[in-house]
Amino acid sequence: MNYWWANQGNNFAVAIEQRTLWTCPRADGRRTPDRECIKDMQTDDIVFHYAQGEIRAVSRVTQDWRPARRPANGYETDSDDHDDGWLVRVEPIVDDIHIPLAEVVDVVEHGRRYGPLNARGGVNVKYLFELTSSEGQRLLELAGVDE
């Protein structure tokens with residue numbers, strides 16, 4: 001089992017309601033690690049959904065990635081991104097938590113290449129990041145979730 005961090009801005013509520021994670025190549029066609037790693041997500045992996053300064057939900061992957069068009073609601077186009085991308089299905093385990101970044105910075109390593117937190121402990125503005133097993137387990141403890 002792997003652990004993932006998903007940065008979700010305005011689409012957090014819709015993504016949880018639709019039980020999806022979706023992304024696509026960049027507008028210029030570049031395939032970036034924070035988007036490509038959606039293809040590494042597997043059934044039973046755990047996802048921590050970060051939005052508005054907090055981890056707001058924890059979900060379990062229920063279906064490996066598949067090619068998919070942009071969902072009709074909640075995934076607005078950004079900088080003319082493509083409409084063809086990749087979708088993963090998730091099932092929320094808990095969707096009403098509020099773990100502030102101030103608590104997360106004590107658990108997640110800062111400044112790791114392709115990690116969710118920059119060297120100062122702020123959030124990197126990318127989409128998906130793989131977490132270490134120990135980070136995932138400690139975040140589950142903070143969320144009050146038993147594996």
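**Exercise 1. Classify the exposure of R19 and describe its salt bridge.**

Step 1. R19 has a relative accessible area of 37%. The classes are buried under 20%, exposed over 50% and partly exposed in between, computed with a 1.4 Å probe on protein chains only. R19 is therefore partly exposed.

Step 2. Before going on, note that this is a predicted model, in which local features need pLDDT of at least 70 and side-chain atom pairs count only at pLDDT 80 or more, while totals for chains, interfaces and linings use all residues. Residues are numbered from 1 along each chain as its sequence is written, and side-chain values use heavy atoms, with hydrogens and water left out.

Step 3. A salt bridge needs a side-chain nitrogen of Lys or Arg within 4 Å of a carboxyl oxygen of Asp or Glu. R19 and E91 meet this rule, with their closest N and O atoms 2.6 Å apart.

Step 4. Now place the two ends, using DSSP runs numbered from the N terminus: helices are H or I with at least four residues, strands are E with at least two. R19 is in the loop between α1 (12-18) and β2 (20-23), and E91 is in strand β5 (residues 84-94), so the pair links distant parts of the chain, 72 residues apart. E91 is partly exposed as well, with a relative accessible area of 34%.

**Exercise 2. Work through other salt bridges of the structure.**

Step 1. The structure holds six salt bridges.

Step 2. Take D83 and R70, whose closest N and O atoms are 2.7 Å apart. Both D83 and R70 lie in the loop between β4 (54-69) and β5, so their pair ties together parts that are 13 residues apart in sequence. D83 is partly exposed at 34% relative accessible area, whereas R70 is buried at 16%.

Step 3. E36 and K39 also join through their side chains, at 3.5 Å from N to O. E36 has a relative accessible area of 22% and is partly exposed; K39, at 24%, is partly exposed too.

Step 4. Finally, E109, R112 and E135 are linked in a network of salt bridges.

**Exercise 3. Find the aromatic pair and decide how its rings are arranged.**

Step 1. Rings of Phe, Tyr and Trp (its six-membered ring) pair if their centres lie within 6.5 Å; planes under 30 degrees apart are stacked, over 60 edge-to-face, and the rest tilted. The count by this rule is one aromatic pair.

Step 2. The rings of W5 and Y50 have centres 5.0 Å apart and planes at 25 degrees, so this pair is stacked.

Step 3. W5 belongs to strand β1 (residues 3-7) and Y50 to strand β3, and they are 45 residues apart. Both W5 and Y50 are buried.

**Exercise 4. Judge the confidence of the prediction.**

Step 1. pLDDT is the predictor's confidence in each residue, from 0 to 100. The protein averages 92, and 95% of the residues score at least 70.

Step 2. Confidence is lowest in helix α2 (residues 33-36), at a mean of 91, and highest in β3, at 98.
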